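Good morning, colleagues. Please look at the structure on the screen while I describe it.

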Protein chains: 2
Amino acid sequence: MQRARPPHAIVQVTADLVILTVRDGQLQVLLIERGNEPFKGCLALPGGFLRDGEDLDTAARRELLGETGIGGTHIPHLEQLRVYSAPDRDPRGRVVTVAYLALAPNLPLPTASTDAVAAAWTSAGPLLHSPGQLAFDHDQILADTVEHSRAKLEHTTLAASFCPPEFTIGDLMHIYEAVWDQQLDLRNFYRKVSQTEGFIVPTGRKRAPDTGRPATLYRRGPAQVLHPPMLRNPRTGRVRPSQ
Amino acid sequence: MQRARPPHAIVQVTADLVILTVRDGQLQVLLIERGNEPFKGCLALPGGFLRDGEDLDTAARRELLGETGIGGTHIPHLEQLRVYSAPDRDPRGRVVTVAYLALAPNLPLPTASTDAVAAAWTSAGPLLHSPGQLAFDHDQILADTVEHSRAKLEHTTLAASFCPPEFTIGDLMHIYEAVWDQQLDLRNFYRKVSQTEGFIVPTGRKRAPDTGRPATLYRRGPAQVLHPPMLRNPRTGRVRPSQ
DNA sequence: ACAATAGTGTCTGTAAGACAGTATTCT
DNA sequence: AGAATACTGTCTTACAGACACTATTGT
């Protein structure tokens with residue numbers, strides 16, 4: 001059998017998870033400390049190999065549940081992003097990875113698993129501003145994913161996926177502020193969110209803060225897209241009203 | 001070596017191309033008639049296997065050039081979309097495919113290649129309305145890609161990638177109309193497109209139609225995103241002014 | 001003159017940016 | 001009463017939808 005054309009690459013495929021949440025007003029990402037070579041001891045995105053008979057969405061859900069315990073009952077948003085396929089991106093051989101974005105509400109710290117020494121929420125901001133801290137090409141994957149999320153908040157109702165089942169309009173605005181790293185005007189946000197049919201629906205319940213008037217609790221509405229979109233402000237900076 | 005955990009899947013990877021253009025006022029896609037099994041004789045998207053030492057973007061460009069002759073000098077827009085990984089999607093074995101979107105101006109019919117009996121532009125509309133005509137899961141890939149393109153025209157300057165280097169504002173509007181399958185008002189389109197900084201720049205030249213006033217020719221500007229976006233009209237139908 | 005395409009101007013409605021003011025709770 | 005948070009209303013500006021009108025070509 002002669003080599004008339006170059007050989008097809010034989011590869012292994014991993015699904016790597018970018019699990020984002022908002023904690024303490026910051027966008028945070030779940031990172032593990034790798035327990036095996038390569039990059040043993042380095043920070044990395046959780047992930048794992050595609051198995052026989054399984055598609056990538058299934059692999060991603062399996063890893064999400066296995067490495068973090070998330071997804072047993074109430075599966076959050078899980079979305080395939082893109083493929084990273086540089087031939088030398090993994091020293092073990094030809095491994096292409098498919099990045100997945102998972103959005104979770106503020107959850108308790110996840111448990112460590114076999115493959116990872118520890119898993120912890122880490123602020124995304126510093127990782128974006130000074131890359132080089134993550135294994136493989138995970139810096140790039142993280143940066144691409146965060147920008148994707150930011151853009152997606154503009155024209156979908158995805159922000160509610162960062163929230164627990166019941167949330168206030170203030171909670172929802174804090175999601176936008178953390179992901180966009182930008183201050184918003186709560187009063188205009190009220191108007192936008194309530195006028196958008198099907199974005200949020202009131203539950204009738206209220207939640208009292210430490211001090212101040214109790215806020216109405218909402219849950220997600222059926223709408224998936226925002227018409228018209230809620231745009232990040234590209235030109236003028238914003239000032240928080242009450243300070 | 002015992003089998004403590006399920007085996008990692010060993011896969012081959014293909015890059016499949018969704019090459020779109022606008023011809024005769026219609027959105028058209030380049031399809032090949034398959035020359036080999038499986039699906040011999042069926043219509044399919046062009047594509048091919050990832051090779052050793054090559055990343056997927058390179059493979060996609062290679063296929064684009066090889067199967068269509070496009071991309072030698074002036075490479076059009078080429079963008080990775082998503083992965084299709086159902087375990088049974090290819091009867092030859094475990095093959096996952098990465099879909100790529102390529103946008104081309106109205107070009108002469110491509111030449112047939114070794115792997116494909118023939119390649120031809122085909123109207124996308126009928127394929128979308130009555131699926132089941134394409135090999136593998138290419139119906140799904142095409143549908144996903146067209147919707148992606150439609151959405152992307154809203155907030156990027158991508159439409160200009162469907163145009164030759166010099167084009168009129170009328171040409172550009174016909175792109176939007178063909179991709180969105182929606183009529184637009186040329187006069188409002190003028191305003192939108194000229195007020196958007198960096199979308200198009202006049203060349204100084206003009207192009208005379210068969211009859212009527214010659215139109216100013218433009219080329220692409222540096223802008224990549226549209227602020228604010230140009231939205232498809234989600235509620236009201238539109239009426240073409242001059243008929 | 002007329003048809004045909006290119007391009008400008010104007011009116012109007014919708015929605016976003018800015019921000020004053022009112023409401024409801026706790027201490 | 002005062003502080004803190006929740007929420008409503010109003011003014012203004014930006015921009016899209018609709019459409020009248022002018023400009024420049026060929027026949």
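This is a predicted model: local features need pLDDT of at least 70, side-chain atom pairs count only at pLDDT 80 or more; totals for chains, interfaces and linings use all residues.

Residues are numbered from 1 along each chain as its sequence is written, chains are lettered from A in the order in which they are written, and side-chain values use heavy atoms, with hydrogens and water left out.

I turn to the fold. Chain A contains 5 helices and 9 strands, that is, DSSP runs of H or I with at least four residues and of E with at least two. Along the sequence their order is β-β-β-β-α-β-β-β-α-α-α-α-β-β. The C-alpha atoms fill a box of roughly 75 × 40 × 35 Å along the principal axes.

Of the 243 residues in chain A, 48% are buried, meaning under 20% relative accessible area. Among contacts (heavy atoms within 4.5 Å) with a separation of 6 or more, 65% join residues 24 or more positions apart.

Finally, one residue. Where is A:Pro131 found? A:Pro131 sits in the loop between helix H2 (124-129) and helix H3 (138-155). With a relative accessible area of 55%, A:Pro131 is exposed, because the limit for that term is over 50%. Its C-alpha atom is 9.7 Å from that of A:Leu142, 11 residues away along the chain.

Definitions and conventions: Buried means under 20% relative accessible area, exposed over 50%, partly exposed in between (1.4 Å probe, protein chains only).
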